[in-house]
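Please keep the sequence and the model in view while reading.

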Amino acid sequence: MAIYLIRRFLIMIATIFVIATMTFILMHSIPGNPFTTQDRSTSEAVQENLNAHYHLDEPMLTQYGIWLKSLVTFDFGPSIKQPTETVNDLLSRGFPISAELGMWTIMIALLSGITLGVLAALKHNGMIDYIAMTLAVLGISVPNFILATLLIQQLAVNLQLLPAATWSSPMHMIMPIIALATGPTAIIARLTRSSMLEVLTQDYIKTARAKGLSPAKIVIKHALRNALMPVVTILGTLVAAILTGTFVIERIFAIPGMGKYFVESINNRDYPVIMGTTVFYSAFLIFMLFLVDIVYSILDPRIKLHKKGGS
Amino acid sequence: MEKILEIEDLHVHFTTYGGTVQAVRGVSLYLNKGETLAIVGESGSGKSVTSNSIMQLIPSPPGKIVKGSIQFKGRDLVQTSKKEMRAIRGVDISMIFQDPMTALNPTLTVGDQLTEGLKQHTSISADSAKQKAMDMLRLVGIAEPDNRFKQYPHQFSGGMRQRIVIAMALICEPDLLIADEPTTALDVTIQAQIMELFSEIQEKTGVSIILVTHDLGVVARVADRVAVMYGGKIVETGDKDAIFYNPQHPYTIGLLHSVPRLDMQEAVLQPIDGTPPDLFAPPQGCPFTARCAHAMQVCANVYPPATNLSASHQVECWLQDARATRAASLMKR
């Protein structure tokens, strides 16, 4: 286990290094620099001074070295566009909000998705099954930004039940979470249903029934745990999907999370912020995937983490 | 002898998109206390459906017991409510399934699976449940039960898993054990060990056993009585010796001839030609007619009545009819 963890940790560091390098190359291959997009024109001298200040006049390799140093020390320096704030400030302000949105979304998606999936499987080919699966197809097909706009139109503008935007009270959270969670809920529901249907035909379910266990116990103790394996597997990808979803949803609902800074920083060529947020997002995602693997080994005793290829 | 189980005229149908499968068509059988009854027959003959019906474990829908009764300890299991049935399952009647590799839940420890039935049906403490489970593991011949208790199914071999499945079935001390092809998925040496175990357990606990199998070697080893099923019906039933040494139904004879024997010189086995009947539209007469070397005109049209050859030996075949015997003897002359 310890050896596995160390190995895994080294791989995670290597992955982040590769992502950091790719980001650096991609970022510098976008035409323009942080100052070309400014509205007011700056004089040549000012421009040169700025370049010098942010080391943009140095050779690429040196800049890359500086970037790696900032990565290792986890100090990305100040933002170019908002010089009063460092990238770390932005991250520590934006991340808790994004994380709150993300965690609620995941939790609600898991809870409702699994419940729907299990119900659909138990009432296979019944009314509940058809309703749940119709909803699931809708949920997968409708993009979250469409759903978000529809929700705002209906709940905020027409019915005036919920506030239309920003992030200050639980009431504000409802619409963004619904908009963001619907897609993942649908995916989880479909997956749970199909794997539950498969598990319910397994011999060990028959054995459990032959023992005289109650239906509830059979479903929860014997079926669900096995049926959730595929759900755990896609959880990593789902976290990534929700993460990218937050970029859009945060913009629509004017939520001051990380997504806002991320998108703005690319538009502005705000190099330090791009670097900081990208690496932070990647590190977060890699860590989530790592967590998924751990959860996997807890759920299924047959998966051993220390074995080669077990990752 | 006290009868522990008596099935009367059992009919089980499965409704599918392609039509209704009449899997079991009027099965009657009984089981005495402490004896082993083997139900033999080829795939699709209805033997598993019959045994699952006793437990009321026919998947429904599509399966349904349309007619008949299953008397067990003075009650009809067909009429029993689901809740009452749950109290019978695992306690009075236990069941063992074919494949031990899949019969255990891979994500729960063996100990947990052993004790959960016990905990469900009795108000036993966790400690004594564990104690009992250890005793059962010892009974079925698993060494170091203390360590094994905490392990998961994948840490056991196939034979060991079947032993655990048997321990699990016996832990509530049932009166009736139904074993649905318990050795089919095991290799031959392990099969022998498991059958040995069945005999031992029966000696120790006095449990009655219904053994569903298509392996006549297994039958010869442990059964007291044999019921031969074909096309959803029991075509011949009798004591083991009667079936093995004095088989009367052409199907039983064919079945016995298709088994490899050490004392026979022929290099080629004798298969029964043809295929089993289509149970979507079962034949009006004897289902074996199409494959029977002795088939007569009557066989295709009318199902033969039962003939009692002795108190326990019964066969359903037109060859038993006095007129057929006369015809046969005439032909010989």
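In this predicted model, chain B contains 13 helices and 12 strands. Its radius of gyration is 21 Å, close to the 20 Å that the globule rule gives for 333 residues, and chain B is therefore as compact as a globular protein of that length. Along the principal axes, the C-alpha atoms of chain B occupy a box of roughly 75 × 50 × 40 Å. Buried residues make up 43% of the 333 residues of chain B.

The partner of β6(B) is strand β7 of chain B, residues 176-180; the two pair in the parallel sense over 4 bridges. Within β7(B), L177(B) stands opposite S94(B).

Chain A provides an example of helix packing. Two packed helices are described by the angle between their axes and the distance between the axes. For helix α8 (residues 203-210) and helix α9 (residues 215-227) of chain A, the axes come within 10 Å and cross at roughly 145°. This crossing of α8(A) and α9(A) is right-handed. On the α8(A) side, the contact is made by Y204(A), I205(A), A208(A) and R209(A), and on the α9(A) side by I218(A), H222(A) and A223(A). By residue type, the contact of α8(A) with α9(A) comprises 5 nonpolar, 1 polar and 1 charged.

Key: Residues are numbered from 1 along each chain as its sequence is written. Chains are lettered from A and ligands numbered from 1 in the order in which they are written. This is a predicted model: local features need pLDDT of at least 70, side-chain atom pairs count only at pLDDT 80 or more; totals for chains, interfaces and linings use all residues. Axes are lines fitted to C-alpha atoms, for helices over the stretch in contact, and angles run from 0 to 180 degrees between N-to-C directions. A crossing is left-handed if the near helix is turned anticlockwise from the far one by less than a right angle, and right-handed if clockwise. Two residues are in contact if their C-beta atoms, placed from the backbone, lie within 7 Å. Ala, Val, Leu, Ile, Met, Phe, Trp, Tyr, Cys and Pro count as nonpolar, Asp, Glu, Lys and Arg as charged, and the others, Gly among them, as polar. Two strands pair if DSSP finds at least two bridges between them. The radius of gyration is taken over C-alpha atoms; the globule rule is 2.2 Å times the number of residues to the power 0.38. A residue is buried if 20 or more other C-beta atoms lie within 10 Å of its own, exposed if 12 or fewer, and partly exposed in between; C-beta atoms are placed from the backbone.
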